[in-house]
Amino acid sequence: MACTLALLPPFAWAQAKTTPKDAYLYFITPTDGDTVKSAFWCRFGLRNMGVTHAGDAFANTGHHHLLIDADEPISPGEPIPQDRKHLHYGAGETEALIELPPGKHTLQLVLGDDMHFNFDPPLVSKKITITVSSASQRHGRSATHAHRRTRHLHAHTARQAAQPSAAEAPPPDPAKSAGAVDFIKSFLSGAK
């Protein structure tokens, strides 16, 4: 019997942690039926339990997972997949900036335990439906801003490249003032 258990994968013999009876998982934003632009802030709410990092096995705690357009059943004690439809927030995040293509999408929160397993019973939020509107205007500004930054970076790099290195630079002319250094020296020596 012990040999059989040792050969099973770890999740096959993992015990699901029990969900406190009064725990409640929900969306703060967006709300069901909202129309949002991509990217939008998704804020997670949790009552009567704590949020912690994945790997931290404290009593009555877990971490958030966001399910996007996912229709698979959520079973007690099962591992939560990690892919484009199942986003993990194992650092204890309670909000995330989400980018989705325009159209209707469903969102649902699932609280996972320290090992990314569902609780028993699974602690899930109500599934909400949102509409992501076309964000061409927002993306246009972002792309322009990023492009401006890139041009500035290239111009800055080009200016630096045009300046000679210290080894190639001519020695400083002692007849020219060194600016602040000379001022401080003259101030300290009492000369005007």
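This is a predicted model: local features need pLDDT of at least 70, side-chain atom pairs count only at pLDDT 80 or more; totals for chains, interfaces and linings use all residues.
## Ground rules

Buried here means under 20% relative accessible area, exposed means over 50%, and partly exposed is whatever falls in between, using a 1.4 Å probe and protein chains only.

Residues are numbered from 1 along each chain as its sequence is written, and side-chain values use heavy atoms, with hydrogens and water left out.

## Confidence

The pLDDT (the predictor's confidence in each residue, from 0 to 100) averages 75 for the chain, and 62% of the residues score at least 70. Two stretches to treat with care come next. Over residues 1-13 the pLDDT stays under 50, and the model has three contacts for them beyond four places in sequence; a contact means heavy atoms within 4.5 Å. Residues 136-169 also have a pLDDT below 50, with six contacts in the model beyond near neighbours in sequence.

## Overall layout

The chain has four helices and nine strands. These are DSSP runs numbered from the N terminus, with helices being H or I of at least four residues and strands being E of at least two. Reading from the N terminus, the order is α-α-β-β-β-β-β-β-β-β-β-α-α.

Of the 192 residues in the chain, 27% count as buried. Take the contacts in the chain with a separation of 6 or more: residues 24 or more positions apart account for 70% of them.

## Aromatic pairs and a charge over a ring

A pair of aromatic rings is described by the distance of the centres and the angle of the planes. The rule takes rings of Phe, Tyr and Trp (its six-membered ring) with centres within 6.5 Å, and calls planes under 30 degrees apart stacked, over 60 edge-to-face and the rest tilted. By this rule there are two aromatic pairs. In one, Tyr24 and Tyr26 have ring centres 5.3 Å apart and planes at 20 degrees, so the pair is stacked. Tyr24 is partly exposed at 44% relative accessibility, and Tyr26 is partly exposed at 22%. Then there are Phe44 and Tyr89, with ring centres 5.3 Å apart and planes at 50 degrees, so this pair is tilted. Phe44 belongs to strand 3 (residues 40-47) and Tyr89 to strand 6 (residues 86-89), so the pair ties together parts that are 45 residues apart in sequence.

Which ring does the charged end of Arg47 sit over? That would be the ring of Tyr26, with the charged end 5.0 Å from the ring centre. The test is that NZ of Lys or CZ of Arg is within 6 Å of the ring centre and within 35 degrees of the ring normal.

## Salt bridges

The structure holds four salt bridges, each a side-chain nitrogen of Lys or Arg within 4 Å of a carboxyl oxygen of Asp or Glu. Among them is Lys17 with Asp114, at 2.4 Å from N to O. Lys17 sits in the loop between helix 2 and strand 1, and Asp114 in the loop between strand 8 (103-112) and strand 9 (128-133), so the pair ties together parts that are 97 residues apart in sequence. Lys17 is partly exposed at 30% relative accessible area, whereas Asp114 is buried at 12%.

Another one joins Asp32 and Lys126, at 3.7 Å from N to O. Asp32 is in the loop between strand 1 and strand 2 (35-37), and Lys126 is in the loop between strand 8 and strand 9, 94 residues apart. Asp32 is partly exposed at 42%, and Lys126 is exposed at 58%. Glu95 also bridges to Arg43, with the closest N and O atoms 2.8 Å apart. Here strand 7 (residues 95-98) supplies Glu95 and strand 3 supplies Arg43, 52 residues apart. Glu95 comes out partly exposed at 36%, as does Arg43 at 30%.

## Around Thr19

Thr19 lies in the loop between helix 2 (10-13) and strand 1 (24-29), and with 11% relative accessibility it counts as buried. A polar atom of the Thr19 side chain is 2.4 Å from the backbone oxygen of Pro121. Leaving aside residues up to four places away in sequence, Thr19 touches Phe119, Asp120, Pro121 and Leu123.

Terms used:
A polar contact is a pair of N or O atoms within 3.5 Å; within protein, one must be able to donate a hydrogen and the other to accept it, and residues adjacent in sequence count only if both atoms are side-chain atoms.
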